[in-house]
Amino acid sequence: MNPDAQQRIGFIGAGNMAFGIAKGMLSGNVLPANIKVSAPSSTHLGRFQELGISVTHSNTDVVCGSDVVFVAVKPHMIPRVLVEVSQHITKKQIIVSVAAGVTLAMLEELLPENSIVIRLMPNLPCLVQEGALLFALGTKAKGEDGALLLSLLHCCGLVEEVPEAWIDVHTGLSGSGVAFVYLFAEALAEGAVKMGMPSALAHSIASQTVLGAGKLLRDSGKHPAQLRAEVCTPGGTTIYGLHTLEQGGVRASVMSAVESATQRARELGKK
């Protein structure tokens, strides 16, 4: 068995990101018995228990019993949580923060000296093992720590190590970007409803259209513009629709949305 599968994994926080990452690990070779999750209330813990994962209300329990600790709480909660568990963190443990905007420098300042810290930004499709996850290593983290994280997360989707400056951009592009795609899918379906298609069918077709387009884009390796051109017959339906989208400024709006979400991630970090 892969030795990484024997690592004891802890999660502080039981939201969607923690659940998605845990599910991805379980679909790899990590056993439920090697994962523990803490949250202040039992609201979100039941779904972890259904997977055979042990749960607790004590963050300290999680830290003391884990080799790798994922801190998956909201950005404003980070200082309080890290101060609470700080005295129990050892130099051998890897602390992985999943909080948007919170920099490695801030995390290292809040944690004991020489702590191994990694900053990770996943996204919601981790729930179905189709996530996009980027991570950056702290000053005391080594290549082998990054390799261990990659090994644990490889079943969650696309996972890559990047410079920290790209993490906030990834938050805007992919963390928030999934919601932009959902808005687009919703609008596609509403357009079909307007033209007479039943709502349930329209939403089903819209989701399959987004899924199929994304899969073809990823697997073909082609630039989006090339695939778009392949759909456009001269004088056909698609180019008429694309012209309407361009008149509505959809391209500039999407670019601005990624910019706004990235800037907000940076602001959250400063707070």
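Colleague: What separates the centres of domain 1 and domain 2, taken over C-alpha atoms?

Modeller: 31 Å. This is a predicted model: local features need pLDDT of at least 70, side-chain atom pairs need 80 or more, and totals for chains, interfaces and linings use all residues. Numbering runs from 1 along each chain as its sequence is written, and side-chain values use heavy atoms, without hydrogens and water.

Colleague: Where do the domains run?

Modeller: Domain 1 is 9–162 and domain 2 is 170–269. The bounds come from an automatic or database domain assignment.

Colleague: What area do domain 1 and domain 2 bury between them?

Modeller: About 860 Å², with 63% on carbon and sulfur atoms. Gly101, Met121 and Asn123 supply 36% of the area domain 1 buries against domain 2, more than any other three residues. Buried area is the accessible area (1.4 Å probe) that two parts lose on being put together, summed over both.

Colleague: New topic. How do helix 7 and helix 8 pack?

Modeller: Helix 7 (residues 165–175) and helix 8 (residues 177–194) pack at about 20 degrees, axes 4 Å apart. Axes are lines fitted to C-alpha atoms over the stretch in contact, with angles from 0 to 180 degrees between N-to-C directions. Helices are DSSP runs (H or I, at least four residues), numbered from the N terminus.

Terms used:
Helix = DSSP H or I, 4+ residues; strand = E, 2+ residues; numbered from the N terminus.
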